[in-house]
Amino acid sequence: MHTITFRRRALAALALAGALAGLAATPLQAQEPQRGGTLIVGSTQVPRHLNGAVQSGIATAMPSTQLFASPLRFDDQWKPQPYLAESWKLAEDGKSLTLNLRRNAVFHDGKPITSADVAFSIMAIKANHPFQTMLGPVEKVDTPDPYTAIIRMNAPHPAILLAMSPALAPILPKHIYGDGADLKTHARNSADVVGSGPFKLTEFRAGQRIVMERFDKFFLPGRPYLDKLVFNIVPDSSSLLLSLERGDVQMVPYLQASIDLKRLSTNPQITLTGKGFEGIGSINWLAINTDRKPLDDVRVRKAIAHAIDKNFITKALMGGFATVADGPIVAASPFASADLVRYPLDLKKSAALLDEAGLKPASNGERFKITIDYLPGTDEQQKNVAEYVRAQLKKVGIAVEVRASADFPAWARRLATHDFDLSMDIVFNWGDPVIGVHRSYLSTNIKPVVWTNTQSYRNPKVDELLNTASSTLDTAERKKLYAAFQKTVTDELPVIFINNSPYHTAARKNVGNLPTTIWGPASPYDEIFLK
């Protein structure tokens with residue numbers, strides 16, 4: 001496989017990073033919203049279907065949050081806002097959440113949205129959504145009247161409000177989806193979709209386009225502002241960028257390639273913002289199979305960490321757009337801690353740790369051999385970093401084979417079956433640590449499923465910290481628990497955290513009210529308008 005000459009390429013990239021340091025994001029100016037027009041959103045993401053109740057990921061979240069309303073939505077300060085529920089109350093003991101629904105809300109077929117639909121949806125999500133901790137404590141949903149839903153839990157659940165977010169809690173019509181068919185393969189996930197959100201489906205061509213139009217009976221008066229919303233699926237990122245520059249599409253979310261971001265940042269017709277991805281909380285990391293020798297030795301894991309220069313990766317390989325990640329909870333989260341164990345580049349210390357672990361170099365300088373995999377399709381964040389890690393580890397006597405996967409299913413199969421030594425990966429926090437962080441570290445979540453604890457990491461102390469945090473309502477106490485968790489995990493290193501994914505949304509200047517809440521593009525577009 002071709003070896004990237006990182007240091008040579010770095011000089012120009014580092015110069016670019018310095019130039020970008022003073023580049024401020026284009027301000028998002030407030031303007032009186034105007035009604036009408038068609039917004040065309042370009043994306044490389046390909047959803048299998050449109051039902052976010054049974055499918056995670058941003059590919060599904062973008063269209064699902066337009067078609068289905070959730071009980072709550074969130075602003076850019078992590079504060080819950082009314083949506084389908086006009087008010088709510090979390091009980092003092094944290095074991096019930098009362099949702100008071102709007103009385104003017106109807107589904108796209110005109111039937112009223114009631115507490116029975118909310119109860120059906122919450123229990124359907126609990127039964128079918130891949131994030132099992134998200135609604136884990138939920139036992140049932142009481143419906144004392146058509147406009148009151150009371151979510152009952154067997155333990156305090158501090159993540160319950162965030163779990164009511166647009167991408168996580170779409171409210172489905174019981175009269176459509178309660179027919180006994182398997183929700184994960186339900187015919188109405190893709191065709192003749194009846195939703196509760198600001199837009200209704202008019203066309204879905206899998207892998208090509210999704211077309212929606214304004215739902216005139218949407219429960220928020222005057223919204224949405226747009227007449228029509230189109231998601232154009234463009235697998236080739238270069239073609240997608242050209243479409244944006246020509247004006248064929250008006251908005252492209254989840255951009256992260258530095259060459260694309262640099263190009264768009266100099267285009268006077270384009271607004272570029274990095275806001276709106278705090279809730280997703282995407283981390284690019286190097287996963288370590290702690291069941292494999294010699295990677296079961298923490299000294300070896302620390303040696304690998306000391307051989308990696310994260311600043312070089314973010315500034316040179318990623319053009320200065322990415323930022324260094326040092327822990328399992330993104331810095332934008334209210335639960336992030338600065339008290340982490342860090343591993344600055346130190347090849348001498350790396351070699352000393354390997355010597356201490358009894359892994360002396362052979363006559364050819366080689367200590368041992370391992371493989372490194374990477375998630376296909378995102379070269380800058382994955383393949384290039386894997387190649388860089390290979391080159392760095394060679395300097396301390398570790399021979400690394402970079403293994404390519406034919407496609408996502410092939411890579412996911414390797415991770416799910418734990419058939420790897422090291423692997424690059426991109427994992428989301430999903431708002432509250434209970435939803436997106438715990439799954440990677442709980443010993444009870446070591447499963448043959450991708451994006452679980454595929455590192456086979458086991459620490460009873462970490463299990464106790466996370467389990468306690470999952471039922472602790474006091475925010476200050478939760479912060480203490482998560483601080484201890486972050487300190488422990490960064491000391492034991494089942495994962496080497498590389499960088500925060502540099503997601504950006506790019507849009508033509510005529511697009512107003514870009515989605516910049518904590519959920520950004522994975523939230524309703526009812527406030528977006530065309531100038």
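Guide: Welcome! A residue is called buried here under 20% relative accessible area, exposed over 50%, and partly exposed in between, with a 1.4 Å probe and protein chains only. The model is predicted, and local features need pLDDT of at least 70, side-chain atom pairs count only at pLDDT 80 or more, while totals for chains, interfaces and linings use all residues. Residues are numbered from 1 along each chain as its sequence is written, and side-chain values use heavy atoms, with hydrogens and water left out.

Visitor: Which residues is Ala59 in contact with, leaving aside its neighbours within four places in sequence?
Guide: They are Gln45, Val46 and Pro47, where contact means heavy atoms within 4.5 Å. As for Thr44, it is 15 residues from Ala59 in sequence, and their C-alpha atoms are 8.6 Å apart in space.

Visitor: What makes Thr314 a buried residue?
Guide: Thr314 has 3% relative accessibility, so it counts as buried. Thr314 lies in helix 8, residues 310–317. Not counting residues up to four places away in sequence, Thr314 touches Gly319, Gly320, Phe321, Ala322, Thr323, Val324 and Asn499.

Visitor: How do you know whether His186 is buried or exposed?
Guide: The relative accessible area of His186 is 7%, so His186 is buried. His186 sits in the loop between helix 4 (174–177) and strand 8 (199–205). Beyond four places in sequence, His186 touches Ile176, Tyr177, Asp179 and Ala181.

Visitor: How far is the side chain of His186 from the backbone nitrogen of Arg188?
Guide: The side chain reaches that nitrogen at 3.0 Å. A polar contact is a pair of N or O atoms within 3.5 Å; within protein, one must be able to donate a hydrogen and the other to accept it, and residues adjacent in sequence count only if both atoms are side-chain atoms.

Visitor: Why are helix 5 and helix 6 called roughly parallel?
Guide: Their axes cross at roughly 10° and come within 11 Å. Angles under 35 degrees count as roughly parallel, over 145 as roughly antiparallel, 65 to 115 as roughly perpendicular and the rest as oblique, so helix 5 is roughly parallel to helix 6. The axes are lines fitted to C-alpha atoms, for helices over the stretch in contact, and angles run from 0 to 180 degrees between N-to-C directions.

Visitor: Which residues of helix 5 and helix 6 meet?
Guide: From helix 5 come Ser237, Leu241, Leu242, Leu244 and Glu245, and from helix 6 come Asp260, Arg263 and Leu264. By class, this contact has four nonpolar, one polar and three charged residues. Ala, Val, Leu, Ile, Met, Phe, Trp, Tyr, Cys and Pro count as nonpolar, Asp, Glu, Lys and Arg as charged, and the others, Gly among them, as polar.

Visitor: Which residues of helix 11 are buried?
Guide: In helix 11 (residues 408–416), these are Ala410, Trp411, Ala412, Leu415 and Ala416. They pack against strand 15 (368–373) and strand 17 (422–428). At the start of helix 11, a side-chain oxygen of Asp407 comes within 3.0 Å of the backbone nitrogen of Ala410. After helix 11 comes His418, with a positive phi near 60°.

Visitor: What is noted about the phi of Tyr254?
Guide: Phi of Tyr254 is near 60°, a positive value in a residue other than glycine. Tyr254 is in strand 11, residues 251–255. With 8% relative accessibility, Tyr254 counts as buried.

Visitor: What makes Leu493 count as buried?
Guide: Its relative accessibility is 2%, so Leu493 counts as buried. Leu493 is not a glycine, yet its phi is positive, about 55°. Leu493 lies in the loop between helix 14 (475–492) and strand 18 (495–500).

Visitor: What is omega for the cis peptide bond that joins Arg223 and Pro224?
Guide: Omega there is about -5°, and Pro224 is in the loop between strand 9 (209–214) and strand 10 (228–233). The peptide bond from Lys293 to Pro294 is also cis, with omega near 0°.

Technical notes. Helices (H or I, at least four residues) and strands (E, at least two) are DSSP runs, numbered from the N terminus.
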